[in-house]
Amino acid sequence: MNDKKYDIVIVGAGMVGSLLAALLKSSGLKILLLERAVVSAPEKSDAFEPRVSALTRASENLLRHVGAWSTIENLRSCAYTAMTVWDADGTGRVQFNARELGETHLGVLVENRVLQWALTQAAIHTDTPAGNISLRCPVHLTALERLPDAWQLTFADGEKLQAQLVVGADGAQSAVRQMSGIAVRETDYAQRAIVATVRTENPHQFTAWQRFMPSGPLAFLPLQTAEGDAHHCSIVWSQDEKEAQRLLALDDDAFARELGFAFEHTLGGVEWVDRRYSFPLRALHAESYVREGIALIGDAAHAIHPLAGQGVNLGLLDAAVLAEEIMRALARDISWSSESTLSRYSRRRRAHNMLILKSMTGLQKLFSSQQPALLLLRNMGMSFTQSFLPLKQEFARVAMGLAGDLPMTAKIP
Ligand SMILES: Cc1cc2nc3c(=O)[nH]c(=O)nc-3n(C[C@H](O)[C@H](O)[C@H](O)COP(=O)(O)OP(=O)(O)OC[C@H]3O[C@@H](n4cnc5c(N)ncnc54)[C@H](O)[C@@H]3O)c2cc1C
């Protein structure tokens, strides 16, 4: 085959794009994974990265399936065995415990860079001399043009490539989505998430903590150093734009004091805060996930509020379902890039993602409201969930990503 012609070009070697490449390794298709940033190996001794993901059990199964899990375990990760969610305005409190649910753990915290590294390595490392997947970075895509039977991609250096299928895995500002003319619906929460690594006086007890305040949720997600120190957490603090700017402008000591207070000193005082970063919070949903020879996955198709830590987990399932549909078509000797194959992917994922998106917006509104009736409703709802085990088990299954139409690769490690 011409070295400028590919079966699939995946634009974006983030967590979601790299998983798709790794899942298609045995397809025999010629695949190019493109990334605009340099992908480099993390070290155990690196400082914690500010962006981390709370992976569900379904996502962990996917990562095990493609052989990325051992790289993650050899670098750094933190399994959490409990989750505590509570309402700042009332008595509502729900505690999930892995043992009570018959599980070893509820999920695993992994830094995004570690995930990306493990997945790109799983995709490109091969036992055969002529691997079918290659990674090219850094590259800058400047144009996407429809030819009669393929898409043509043009790069900043003038090089041109062709692909039968272009997958946009290039995040919320997806160039593939924009260049292929797929529209999006956007909701601006007018909020900003502050993220940082902190060290707390008391150990985090391998628990994911989240306090809902009218101003927005505050999460403390457990991290563990390679030496086993369990006093570090990654915080995600959602706040209105103005308040976020005030908090970002504080010096470290003042920020640590306010953070400890907002967290009700649940883990004692906040002893140390690393550099703070912030992200505007927007929900975004592509009006279509596919068009002729194009498929969108991950944040390119949908971006949601981080309050339930579902974003990357939804994206990994998109990748798994798209891979499953392509492999299914190949096995049946039908066109793997046809409209009907791509539409099957879209049908299996879009309605589910829409439901989660709407639920997150609903939860965000419910917990930011101070109307007495809603306050009562959410506190009663939390108390009921806490005391009624079958309902709690159902919530936990959703939180662990084990509910709904799962691809085989997410079920079997
Ligand atoms: C504050 C915050 C906290 C979050 N916490 C969680 C959490 O705990 N759990 C969770 O599940 N989700 C969380 N999320 C959401 C999660 O980070 C995203 O859903 C996830 O990063 C999406 O992965 P992706 O691979 O689709 O996109 P991205 O992570 O955005 O990756 C896209 C990749 O494409 C590359 N790229 C972009 N444009 C181009 C181009 N033109 N050419 C080539 N490459 C390109 C980028 O460099 C990047 O590597 C959080 C989000 C925020 C903002």
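On a 1 Å grid over the protein atoms alone, a pocket is an open set of points where a 1.4 Å probe fits, with protein on both sides within 12 Å along at least five of seven lines, and its lining residues have an atom within 4 Å of a point. This is a predicted model, in which local features need pLDDT of at least 70 and side-chain atom pairs count only at pLDDT 80 or more, while totals for chains, interfaces and linings use all residues. Residues are numbered from 1 along each chain as its sequence is written, and side-chain values use heavy atoms, with hydrogens and water left out.

**Second largest pocket**

- The second largest pocket is lined by A22, L23, K25, S26, H65, V66, A122, A320, A323, E324, M327 and T409.
- Its volume is about 220 Å³, counted as the space filled by probe spheres set on grid points that are joined across faces, edges and corners.
- Helices (H or I, at least four residues) and strands (E, at least two) are DSSP runs numbered from the N terminus; α8 gives this lining its largest share, 4 residues, and α1 and α8 each supply at least two.
- By class, the lining holds 7 nonpolar, 3 polar and 2 charged residues, where Ala, Val, Leu, Ile, Met, Phe, Trp, Tyr, Cys and Pro count as nonpolar, Asp, Glu, Lys and Arg as charged, and the others, Gly among them, as polar.

**Ligand site**

- The ligand is surrounded by 28 residues, each with a heavy atom within 4 Å of it; the closest are E35, R51, D299, G309 and V312.
- Polar contacts (pairs of N or O atoms within 3.5 Å) include one of 3.1 Å between a backbone N or O atom of R36 and a nitrogen atom of the ligand.
- Oxygen atoms of the ligand lie 3.2 Å from a polar backbone atom of A54 and 3.3 Å from one of G311.
- Of the 1,000 Å² of accessible area that the ligand has on its own, the protein covers 87% (Shrake-Rupley method, 1.4 Å probe).
- Two or more residues of the shell come from each of α1 (15-23), β3 (52-55), β12 (184-200) and α8 (311-331).
- The shell has 13 nonpolar, 10 polar and 5 charged residues.

**Overall fold**

- The chain has 12 helices and 20 strands.
- Its radius of gyration, taken over C-alpha atoms, is 22 Å, close to the 22 Å that the globule rule gives for 413 residues, so the chain is as compact as a globular protein of that length.
- The globule rule is 2.2 Å times the number of residues to the power 0.38.

**Backbone features**

- C137 and P138 are joined by a cis peptide bond with omega of about -5 degrees, and P138 sits in the loop between β8 (133-136) and β9 (141-146).
- A190, in strand β12, has a positive phi near 55 degrees.

Methods:
Polar contact = N/O pair within 3.5 Å; in protein donor to acceptor, adjacent residues only side chain to side chain.
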